[in-house]
Amino acid sequence: MCIRDSFCRELMNKWLLSDRSNTTFQKQITSRNEEQTDILIDYISSGLTTLKLQFISSFYAFLDTALRVEGIKFGVYLVSLITLFVVVWLPYVKLLNEKIWRVKGILNLIPINVIFQNENLKSRINNQNFVAAIK
């Protein structure tokens, strides 16, 4: 245990005093013998395992939070869409329907002989769009 700690401290101190590049660290590791490299791997592996487990749990927490946020966004979108439908669209359709019935009522007041005598009015009523609209 003591040998491992001193070896790792020595390796870390040399790396901190160097230019801190990956090549320097690799040179320091490869310059050691196989026994010291095994000690270094044993020393680092527990930290890497803990780091990997923490990463996985943090990633799942992030996914859970992101899914919850997207659900809230979708809920707000649906509520705003329904509110817009009720507040804007339904009154508009009701008003439009009232106007259509009013125009139909006014057209029913015009006698047929007046429509056939006035060419301009006759051509407008014979238009297919107009006839389809009042049916």
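This is a predicted model: local features need pLDDT of at least 70, side-chain atom pairs count only at pLDDT 80 or more; totals for chains, interfaces and linings use all residues.

Where is the confidence highest, and where is it lowest, among the elements? Helix α3 has the highest mean pLDDT, at 90, while helix α6, residues 128-134, has the lowest, at 59.

On to the secondary structure. Helix α3 covers residues 34-109. The chain has 135 residues, and 8% of them are buried.

Now the charged contacts. How many salt bridges does the count come to? Two. One joins the side chains of Arg68 and Asp64, with 3.0 Å from N to O. Those two residues are both in helix α3, four residues apart, which is about one turn of the helix. As for solvent, Arg68 is partly exposed at 48% relative accessible area, and Asp64 is partly exposed as well, at 41%.

The other bridge is between Glu70 and Lys73, and there the N to O distance is 3.4 Å. Again we're in helix α3, with Glu70 and Lys73 three residues apart, about one turn. Glu70 has 45% relative accessibility, so it counts as partly exposed.

Next up, the rings. Searching the whole structure gives two aromatic pairs. Phe55 and Phe59 make a stacked pair, 6.1 Å centre to centre with 20° between the planes. Why are those two about one helical turn apart? Because Phe55 and Phe59 are four residues apart in helix α3. Phe55 is exposed, since its relative accessible area is 56%, whereas Phe59, at 41%, counts as partly exposed.

Then there's Trp89 with Tyr92: the ring centres are 5.6 Å apart and the planes are at 40°, so this pair is tilted. Trp89 and Tyr92 are three residues apart in helix α3, so about one helical turn separates them.

While we're on aromatics, which residue lies over the face of Trp101? That's Lys104, at 4.5 Å from the ring centre.

Last item, the patch. There's a nonpolar surface patch of about 1100 Å², and its members include Trp89 and Tyr92, the residues of that tilted pair. Also in the patch are Ile82, Leu84, Phe85, Val86, Val87, Val88, Leu90, Val93, Leu96 and Ile100. Take Val88 as an example: it's found in helix α3. Why does Val88 count as partly exposed? Because its relative accessibility is 47%, and partly exposed runs between the under 20% of buried and the over 50% of exposed.

Okay, that's my part, and I'm happy to go back to any of it.

How values were computed:
Residues are numbered from 1 along each chain as its sequence is written. Side-chain values use heavy atoms; hydrogens and water are left out. Patches are made of residues with over 30% relative accessible area and no salt bridge: like charges are joined within 9 Å, nonpolar side chains (Val, Leu, Ile, Met, Phe, Trp, Tyr) within 5 Å. Accessible areas come from the Shrake-Rupley method with a 1.4 Å probe; for residues, only the protein chains shown count as cover. A salt bridge is a side-chain nitrogen of Lys or Arg within 4 Å of a carboxyl oxygen of Asp or Glu. Buried means under 20% relative accessible area, exposed over 50%, partly exposed in between (1.4 Å probe, protein chains only). Rings of Phe, Tyr and Trp (its six-membered ring) pair if their centres lie within 6.5 Å; planes under 30 degrees apart count as stacked, over 60 as edge-to-face and the rest as tilted. A charge sits over a ring if NZ of Lys or CZ of Arg is within 6 Å of the ring centre and within 35 degrees of the ring normal. pLDDT is the predictor's confidence in each residue, from 0 to 100.
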